[in-house]
Each structure stands twice: as C-alpha cells, then as structure tokens.
Amino acid sequence: MNLFPLSLLSTPRRWLLGMALLCAGLAASAQQRQDPIARLNVQQGTVSVSPAGQDRWYAARPQSELAAGDRLRTDRNARAEVYIGSAALRLDGQTQVEFSELDDDTVHLTANRGDVQLSVREALAGQRLTVDTGNASVVIGAPGDYRIASDPAAGTTWVAVASGQLALYGQNGASQRLGDRQQTTVSGRNLAAVRSTRTQSGGFDTWVAERNRLDDSSGYAGARPPLVRVPSAALIAQQQQRQYEQAQQLQWADQQRAAQAAQQQQEWQRDQDWRQQQEWRQQEDWRQQRQQQDWQQQQQQQRRDGRERAEQDRWQQQQQQQQMQLRAAQAQAQQQQQLLQQQQRMTQQAAQAQQQQQQLQVRQQQEMQLRALQMQQQVQAQQAAQQNTMRQAQEAQLRAIQQQRGVAPAQPAGQDPSRLWTSPDSR
C-alpha cells in the first residue's frame with residue numbers, strides 16, 4: 001500500500017479520507033471488541049516481531065498490537081512486556097514466544113526457547129491459558145505469578161509457581177500439578193523429573209518485581225480498558241487525532257522504509273561479503289582438496305614405487321637365489337664329476353695294479369717254470385754226465401777186461417757204442 005502525507009491532499013479530499021479512516025477505525029474497533037488483543041506495553045533493547053504467515057522479522061513498535069499467529073523475539077539483554085487481557089507476559093533476553101491462539105475462550109502461547117513470567121491478576125472465568133514448551137504443556141489454573149523456562153538444547157522445562165496453581169501435561173497421560181512455592185524441572189515428553197542446575201537471572205527477577213509494583217500502584221494490570229460510546233464531537237476529535245496518528249505513522253513508515261532500505265543495503269553487502277567468503281572458502285576447499293588429491297597421488301605413486309622396488313628386490317633376490325642354486329648345482333655336479341673321475345682313476349689304478357700283479361704273477365710263474373726247466377736241464381745234464389761217466393767207466397772197465405783178455409771187444413753191426421750209453425733224455 002502506498003502511503004503519502006495528508007498535507008498533499010485538498011481539504012475535501014482530506015475530509016473524505018478522514019471519513020474513510022473513521023469508518024475503518026470504527027470497523028477495527030468493532031473487530032477489537034470481538035477479539036482479545038495482545039499489546040506490547042514495554043520493551044527494552046532489541047525486540048523483533050514477525051507477523052502471522054511471514055518469515056521476516058521487523059523491529060517492534062511500542063504499543064503495537066499482536067494477534068494470533070504473530071511471533072515476538074528478544075535479543076540478548078533485551079526485555080519485553082505484553083498485556084493479554086488481565087495477564088502480563090514478561091520476556092527475558094533471548095526468548096521467543098508465538099501467540100498461537102487468541103480468542104474469548106483460549107489464550108495459547110508457544111515458548112520453545114527462553115524465560116517468560118506470567119502475572120495473572122483476575123480470575124480466568126472459564127478462559128483457558130496455556131503455554132507450550134518443547135516437551136510439556138503448562139495450563140494456568142488460577143491467578144498468580146508463574147515462571148516458565150525452556151531449554152531446547154537440553155530438552156528440559158523449568159516451571160516455578162510463586163503463587164497460584166498450574167498443571168503440567170506430557171505424553172501417554174503424564175501429568176503433574178504444582179501449587180504455591182513449588183517448582184520442578186522435567187525432561188522429555190514423559191515429564192521425567194531431573195535435578196535442576198538452573199541459575200536464576202537476578203536482573204530479570206528484579207525487573208519483573210518492579211513491573212509488578214508499577215502495575216499494582218496504577219491499579220491496571222493489562223486489562224483492556226472499557227469501551228465507551230463517543231459523541232459526535234468526540235468522534236471528530238478522534239478523527240483528527242487519528243489523522244495525526246496516520247501522519248505520524250506515514251512519517252514512521254518513511255523512516256522504516258529508509259531503515260529497511262539501509263538494512264537491505266547492509267544485507268546485500270553482507271550477502272556479497274558472504275558470497276565472497278563462500279567463494280574464497282570454495283576456492284580454499286578446492287585448493288585443499290587439490291592438495292589432498294596431490295598428496296594422495298604422491299602417496300599412491302610412492303606406494304607404487306615401493307611395490308615396484310619391492311618387486312624388483314624380490315626379482316633380484318630370486319635371481320640371486322637361482323644363481324646361488326645354479327652355482328651350488330654346478331659345484332655339486334663338479335664335485336660328483338670329480339668323485340666319479342676319482343673313482344674311475346681309482347678303478348683304473350686298481351685294474352692296473354691288478355693287471356700288474358697278474359703280470360708279476362705270470363712273470364713269477366714263468367720264471368719259476370724257467371728255473372724249474374733249468375733245474376731239470378741241469379739234472380738231466382748231471383744225469384747225462386753221470387751216465388757218460390758211467391759209460392766211460394764201463395768202457396774203460398770193458399777195455400781193461402778186454403786188455404786183460406787180449407780180446408778186442410766185438411761191436412754189433414750198425415750200433416755205435418756211444419749211443420749205447422746215451423741217456424734217454426739226451427736222445
């Protein structure tokens with residue numbers, strides 16, 4: 001919607017616009033009479049609001065109205081106070097609350113993170129006041145002062161009742177009731193009781209006590225002021241007031257647009273810086289990945305080189321072993337050949353020795369035979385000599401006898417006397 005200053009319009013047009021705004025105001029007033037409205041009463045520090053159905057957060061304005069579906073968030077060291085009918089809802093720093101449901105019968109809040117305090121000053125009269133946390137549902141049953149803190153990281157909810165009464169509900173029928181001066185810390189949706197290690201915020205307690213004192217002194221604890229019929233003169237004054245408020249709102253909207261433009265510029269610059277950082281990170285990641293890949297490739301190459309060197313060493317060892325085995329086989333074959341040659345030489349020598357011995361024995365036998373033959377010849381010669389001697393002796397004896405007788409010995413014809421005395425061997 002385009003907003004523009006009312007001073008640029010002519011008087012009739014301003015009057016028509018004023019009537020239109022009056023009708024819109026009356027319609028809004030009628031709508032306000034039908035639905036209870038949560039109103040941001042006090043804020044300290046940075047407080048943001050996110051309208052229903054939106055994801056963006058905007059800076060909260062003092063006395064701004066909150067409807068069902070709106071969300072309210074406080075930053076670190078910030079605080080906020082919201083009036084909901086007769087109840088005052090206080091938010092500590094780093095707390096987020098969603099107004100899930102707001103009607104005549106039900107006030108349903110969702111506080112999944114942070115610390116809230118509820119001060120209920122009037123009887124609920126059948127109205128249901130519920131605060132949901134991450135793991136429990138807290139139902140307020142009577143006027144009083146209540147503290148609820150949710151820790152999503154630990155999955156716990158701390159509930160303390162200064163005065164009044166409430167009921168805790170979980171899953172599978174789990175429930176627990178607390179009264180005056182009671183507190184508990186539950187974990188999980190089965191409401192398992194755990195020992196609380198929570199340190200209470202003294203600054204928030206002091207601020208809550210001061211807000212309660214101011215509400216008690218003013219006699220107004222956030223209840224909506226009663227609606228009164230306004231006369232026509234008052235309607236005109238109200239119209240003028242609303243026109244002034246509209247002008248203020250237009251000026252505030254211009255300021256907001258300028259602030260949003262500056263914020264968008266800052267966001268764009270942050271986005272550019274973020275993109276540059278992302279690109280630098282991607283380049284750095286790519287460089288690291290490249291270095292990692294190079295290092296892995298070097299490691300793989302070193303492993304391959306190591307395997308190749310190991311294979312080469314094993315091949316060389318195998319070659320050396322084969323050469324050693326070949327040398328050993330050659331040495332063994334040479335040794336066996338030498339042994340065989342030695343055996344052959346020994347066999348030849350033995351054969352030669354045996355042959356020589358046989359030859360010696362043959363020579364000895366021949367010599368013995370020769371000696372025996374010579375001895376026999378000598379014996380024969382001796383016998384022949386003896387026979388010759390005997391023949392000669394016989395012849396001499398015969399001649400002597402013949403001489404004595406004077407008779408020449410007769411000799412048979414054809415016989416030689418010498419042959420008569422020859423030994424048989426000589427013949």
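Author: A residue counts as buried when its relative accessible area is under 20%. Keep that cut-off at hand. The model here is predicted.

Reader: What relative accessible area does F204 have, and is F204 buried or exposed?

Author: F204 has a relative accessible area of 0%. The cut-off for buried is under 20%, so F204 is buried. W207 is at 10% relative accessibility, so W207 counts as buried too.

Reader: Where do F204 and W207 lie?

Author: Both are in helix α2, residues 202-218. They sit three residues apart, about one turn of the helix.

Reader: How do I read a pair of aromatic rings?

Author: Two values describe such a pair: the distance of the centres and the angle of the planes. In this structure the count comes to one aromatic pair. That pair is F204 and W207, with 6.2 Å centre to centre and 25 degrees between the planes. Planes under 30 degrees apart count as stacked. The F204 and W207 pair is therefore stacked.

Reader: Now the overall picture. How many helices and strands does the protein have?

Author: There are four helices and 17 strands. The protein has 427 residues, and 25% of them count as buried. It exposes about 29,600 Å². Carbon and sulfur atoms supply 48% of that area.

Reader: What share of the contacts joins residues at least 24 apart?

Author: Take the contacts between residues at least 6 apart in sequence. Of these, 50% join residues at least 24 apart.

Reader: Where is confidence lowest, and where is it highest?

Author: Start with the mean: pLDDT averages 80 over the protein, and 79% of the residues reach 70 or more. Confidence is lowest in helix α1, residues 11-34, at a mean of 50. It is highest in β5, at 96. Over residues 26-36 the pLDDT is below 50, and this stretch has 12 contacts beyond near neighbours in sequence. Residues 221-232 also stay under 50. For them the model has 21 contacts beyond four places in sequence.

Reader: Which strands does β2 join?

Author: Strand β2 covers residues 47-50. Four bridges join β2 to β5, residues 71-74, and the two run antiparallel. V49 stands opposite L72 in β5. Two bridges join β2 to β3, residues 58-59, again antiparallel. There, S48 stands opposite A59.

Reader: Which way do the residues of β2 point?

Author: V47 and V49 point one way, S48 and S50 the other. All of these are buried.

Reader: Which residues have the most contacts inside the largest nonpolar core?

Author: They are L72, V82, I84, L89, F99 and L166. This core has 38 residues. Its largest share, six residues, comes from β9. Recall L72: it is the residue of β5 that V49 stands opposite.

Reader: Strand β9 leads me to β10. How do β9 and β10 pair?

Author: They pair in the parallel sense, over five bridges. Strand β9 spans residues 106-120. H108 has T130 in β10 as its bridge partner. On to β11, residues 137-140: four bridges join it to β10, and these two run antiparallel. L129 has I140 in β11 as its bridge partner. β10 and β11 form a hairpin with four residues between them.

Reader: Why is β10 described as largely enclosed by the rest of the structure?

Author: β10 runs over residues 128-132, and four of its five residues are buried, so the rest of the structure largely encloses it.

Reader: Another hairpin, please. What is found in the turn between β16 and β17?

Author: Four residues lie between β16 and β17. G188 in the turn has a positive phi of about 75 degrees. β16 and β17, residues 192-193, pair in the antiparallel sense over two bridges. S187 stands opposite A192 in β17. β16, residues 182-187, is also joined to β13, residues 156-163, by six bridges, and these strands run antiparallel. V159 stands opposite T184 in β16.

Reader: Last, a loop residue. Where is A174 found, and is A174 buried or exposed?

Author: A174 is found in the loop between β14 and β15. At 18% relative accessibility, A174 counts as buried. Leave aside the neighbours within four places in sequence: A174 is in contact with L168, Y169, N190 and L191. R189 is 15 residues from A174 along the chain, and their C-alpha atoms are separated by 8.1 Å.

Note on methods:
Residues numbered from 1 in each chain as written. Predicted model: local features only at pLDDT ≥ 70, side-chain atom pairs only at ≥ 80, totals over all residues. Heavy atoms only, no water. Buried < 20%, exposed > 50% of the residue type's maximum accessible area, 1.4 Å probe, protein only. Pairing = 2+ DSSP bridges. Contact = heavy atoms within 4.5 Å. Areas by Shrake-Rupley, 256 points an atom, 1.4 Å probe, with all protein chains shown as cover. pLDDT = per-residue confidence, 0-100. Core = buried A, V, L, I, M, F, W, Y, C linked by side-chain atoms within 4.5 Å. Phe/Tyr/Trp six-rings, centres within 6.5 Å; stacked < 30°, edge-to-face > 60°.
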